[in-house]
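Welcome to a short tour of one protein model. Please have the sequence and the 3D view ready, and we will walk through a few of its features together.

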Amino acid sequence: MHKYLLAGAAALAFAASAQAETYAIQAGRLIVDAAQPERGNSTVVVENGRIARIDSGFTAPTGAIVVDERSRTVMPGMTDVHVHLTQNSGEPWYIGFTKKYSNAYAVTLGLTHALDMARAGFTTVRDLGGETSVVIAVRDAVGEGRFPGPRIRVSGAPLSIVGGHADEATGLPPELAEAVNEAHLNPSVCTGVEECQKVVRQLAAAGVDVIKVMATGGVLDPGAMGLEQHFTDAELKGIVDMAHSLHLKTAAHAHGAHGILAATNAGIDSIEHGTFLDEAGARAMKAHGTYYSATLMAFSGVQSLIGTGKLAPESEAKAKQTFAVWGKGLNLAYRTGVKIALGTDSAVAPHSLANREVELMVTKGGMTPRDALIAATKGGPDLMDLSSETGTLDLGKSADLIAVDGDPLVDPAAVQHVAYVMVGGKAIPMKGQ
């Protein structure tokens with residue numbers, strides 16, 4: 001027992017010492033704020049895990065650990081507002097019902113994928129759907145410095161209607177569905193305003209950071225209820241009102257146009273996917289200040305599964321409906337002036353490829369490279385009320401930064417070439433190190 005206590009203490013001591021160290025990160029090109037002009041040769045001085053100062057040229061304060069990124073662009077770390085850390089990409093829809101997916105195993109996946117996300121340049125992520133105790137454990141273990149990874153916020157289990165996108169019994173034979181329900185594997189499936197508000201209270205008591213609701217049907221569940229609105233208008237408003245009364249933000253999985261509009265009018269804080277967004281929905285989102293997270297990488301992840309037998313037939317049919325409008329919702333939201341935050345829906349596509357979202361926001365969504373980078377660095381922190389902590393390299397903020405080859409303000413693919421990552425003043429171990 002004593003050796004485990006000592007190991008834990010050593011891990012925390014390492015985390016504390018890493019934050020206490022002074023770093024001089026020398027950049028050939030520096031982006032302090034994606035919305036502002038970039039700088040030339042610069043040095044970012046990090047003390048006690050925070051941005052202490054920025055020097056022109058290459059400097060090295062006495063005793064500082066020098067990080068030579070003089071051939072690269074140093075910029076704020078990115079934020080992904082829609083990930084699933086405790087799931088793997090490319091697995092069959094039924095994998096969650098096998099013994100492989102115990103909660104203990106899911107924790108190991110979460111820690112592994114948290115590191116994958118950090119190595120891809122993400123210094124903050126929001127997990128929007130996993131077993132509540134599991135994702136909280138992953139969040140806290142990384143947050144305490146026991147494992148390397150980004151800052152993590154979690155929703156826990158998403159709210160779903162009976163037979164909806166997060167109902168574990170959806171698409172199962174009656175006998176299996178009954179067994180799932182009897183085992184209480186669907187703690188967040190609810191009907192009616194009062195019952196749904198009770199689930200929100202339970203999630204809040206468990207310690208989540210955000211409430212997620214499946215406002216419409218989904219692609220990857222094996223059910224055939226379609227992609228339109230699931231919860232009633234009254235249920236959606238009840239969920240949002242209760243979450244806000246508990247000082248929690250809300251996120252809505254929403255594909256169909258009517259479901260998007262209903263969730264927006266209910267006061268939801270962000271629309272996730274927004275696949276079939278129409279003019280009415282976009283105008284409503286603009287009026288309400290609702291954020292849009294397009295998760296364009298998810299389309300490529302689903303494409304790779306078509307015809308493999310890993311998707312249920314109902315899922316393949318729903319997926320094919322979405323491919324024709326890949327990026328069109330984001331383009332409409334962007335042209336309408338809706339606030340945008342980067343989200344990927346990793347693990348539909350591999351977590352390690354999440355940084356490809358920025359390029360898709362330009363090529364599929366029609367955004368400029370600068371606006372895509374603003375969404376990738378500043379959108380998520382603003383949505384999650386973390387702007388005072390991260391999103392830019394302003395003095396006093398957490399030292400959340402990355403170094404990439406090329407200039408991401410010109411080439412959105414530059415963020416796919418990440419050479420160095422620091423989260424809260426701690427360097428993330430990269431592959432090969």
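## A buried aromatic pair

Phe299 and Trp326 are both buried, where buried means under 20% relative accessible area, exposed over 50% and partly exposed in between (1.4 Å probe, protein chains only). This is a predicted model, in which local features need pLDDT of at least 70, side-chain atom pairs count only at pLDDT 80 or more, and totals for chains, interfaces and linings use all residues. Residues are numbered from 1 along each chain as its sequence is written, and side-chain values use heavy atoms, with hydrogens and water left out.

A search of the whole structure gives 1 aromatic pair. With ring centres 5.6 Å apart and planes at 20 degrees, Phe299 and Trp326 are stacked (rings of Phe, Tyr and Trp, its six-membered ring, pair if their centres lie within 6.5 Å; planes under 30 degrees apart count as stacked, over 60 as edge-to-face and the rest as tilted). Phe299 belongs to helix α9 (residues 297–303) and Trp326 to the loop between α10 (313–323) and α11 (328–336), so the pair ties together parts 27 residues apart in sequence. Helices (H or I, at least four residues) and strands (E, at least two) are DSSP runs, numbered from the N terminus.

## Charges over rings

Lys364 lies over the face of Trp326, at 4.3 Å from the ring centre. Arg70 lies over the face of Phe58, at 5.4 Å. The criterion is NZ of Lys or CZ of Arg within 6 Å of the ring centre and within 35 degrees of the ring normal.

## Thr86

Thr86 sits in the loop between β5 (78–83) and α2 (103–119), and its 6% relative accessibility makes it buried.
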